[in-house]
Amino acid sequence: MLITELKSKETIVSLVEGKKVFIINCQGCKEVRFPEKEANALQKELAANGNVTGIITTDYICNPENMKLRLQKYADEIENADMILVFSCGVGVQTVAEYFEGKKVCAACDTYPLPGFQGVTPLEYDCKQCGECYLNLTGGICPITACSKSLVNGQCGGAKHGKCEVDSNMECGWERIYRRLAQLGRLDVLKCPTQIRNFATDDEVSKRI
């Protein structure tokens with residue numbers, strides 16, 4: 001089980017300010033708590049400003065064949081957008097970011113864990129449900145799951161020829177992040193220090209459920 005919670009309104013507004021945005025909602029995992037009413041209200045506000053090129057609500061972003069067909073219908077709206085804002089768990093955001101490597105993809109939600117059965121995805125992406133999602137800083141590639149050491153401030157000194165020193169069959173997550181940010185023209189993001197995660201938020205969210 002997991003919980004998706006909206007990031008603060010201030011955070012989301014700052015992400016989309018001055019940009020044309022395409023919005024993707026995922027409501028596939030019925031065992032997941034998704035803030036549907038809050039998300040709809042916020043999206044109406046964003047659309048009222050005239051900066052939203054389109055909105056799609058679908059189930060199971062992590063189903064690649066289904067998602068590919070759905071996104072084809074919105075090709076023009078996505079092309080006209082400066083960024084894609086995804087309301088889903090971390091797996092959904094990573095999936096969309098992989099579809100659109102040359103476009104900025106941002107997470108509108110944070111993901112928190114609950115004990116119980118976890119949904120099954122046919123993709124290789126993983127979400128550790130660690131609360132304060134870093135995907136907006138790392139080009140849609142999760143440093144927690146893409147790095148064997150879950151480093152959040154950059155790569156270690158052990159990577160060789162783009163491969164992880166822990167698993168030589170695995171690409172260095174931070175080299176992947178660097179390439180993605182370079183492709184997006186966002187290497188300046190790496191100059192910003194990563195905030196220390198507030199682990200107390202896990203307990204705060206669980207108490208509200």
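In strand β3, Gly54 is the bridge partner of Phe22. Helices (H or I, at least four residues) and strands (E, at least two) are DSSP runs, numbered from the N terminus. The model is a predicted one, in which local features need pLDDT of at least 70 and side-chain atom pairs count only at pLDDT 80 or more, while totals for chains, interfaces and linings use all residues. Residues are numbered from 1 along each chain as its sequence is written, and side-chain values use heavy atoms, with hydrogens and water left out.

The pair formed by Phe22 and Gly54 belongs to the pairing of strand β2 (residues 21–26) with β3, which is parallel and extends over 6 bridges. Two strands are taken to pair if DSSP finds at least two bridges between them. Ile24 of this region stands opposite Ile56 in β3. Strand β2 is also joined to β4 by 5 bridges, and these two strands run parallel; here the bridge partner of Ile23 is Leu85 in β4. The sheet as a whole is open and is formed by 4 strands in the order β3-β2-β4-β5, with parallel pairing. Its edge strands, each pairing on one side only, are β3 (52–58) and β5 (104–107). On average, neighbouring strands of the sheet are turned by 20° against each other, direction ignored. Angles run from 0 to 180 degrees between N-to-C directions, and axes are lines fitted to C-alpha atoms, for helices over the stretch in contact.

Strand β2 is mostly covered, with 6 of its 6 residues buried. Buried means under 20% relative accessible area, exposed means over 50%, and partly exposed lies in between (1.4 Å probe, protein chains only). The covering applies to both faces of β2: Val21, Ile23 and Asn25 are buried on one side, and Phe22, Ile24 and Cys26 are buried on the other.

Helix α1 touches β2, β4 (83–87) and β5, and its direction makes about 155° with that of β4. Helix α3 (residues 64–72) touches β2 and β3, and its direction makes about 150° with that of β3. Contact means heavy atoms within 4.5 Å.

Helix α1 (residues 9–16) also packs with helix α2 (residues 36–48), at an angle of about 35° and with the axes 12 Å apart. The crossing of α1 past α2 is right-handed; a crossing is right-handed if the near helix is turned clockwise from the far one by less than a right angle, and left-handed if anticlockwise. Lys9, Ile12 and Val16 of α1 make the contact with Leu42, Glu45 and Leu46 of α2. By class, this contact has 4 nonpolar, no polar and 2 charged residues. Ala, Val, Leu, Ile, Met, Phe, Trp, Tyr, Cys and Pro count as nonpolar, Asp, Glu, Lys and Arg as charged, and the others, Gly among them, as polar.

Ala81 is found in the loop between α4 (75–79) and β4. With a relative accessibility of 4%, Ala81 counts as buried. Leaving aside neighbours within four places in sequence, Ala81 is in contact with Lys20, Val21, Phe22, Thr53 and Lys103. Ala81 and Gly54 are 27 residues apart along the chain, and their C-alpha atoms are separated by 8.6 Å.

Most residues other than glycine have a negative phi. Ser150, although not a glycine, has a positive phi of about 55°. Ser150 is placed in the loop between α6 (143–146) and α7 (173–184), and counts as partly exposed at 31% relative accessibility. His161, likewise not a glycine, has a positive phi of about 55°. The place of His161 is in the loop between α6 and α7, and His161 is exposed, with a relative accessible area of 85%.

The structure holds 0 disulfides, a disulfide being a pair of cysteine sulfur atoms within 2.5 Å. Cys26 is buried, with a relative accessible area of 14%, whereas Cys133 is partly exposed, with a relative accessible area of 22%.

Over the whole chain there are 8 helices and 6 strands, which follow the pattern β-α-β-α-β-α-α-β-α-β-β-α-α-α along the sequence. Of the 209 residues in the chain, 43% are buried. Among contacts in the chain with a separation of 6 or more, 66% are accounted for by residues 24 or more positions apart.
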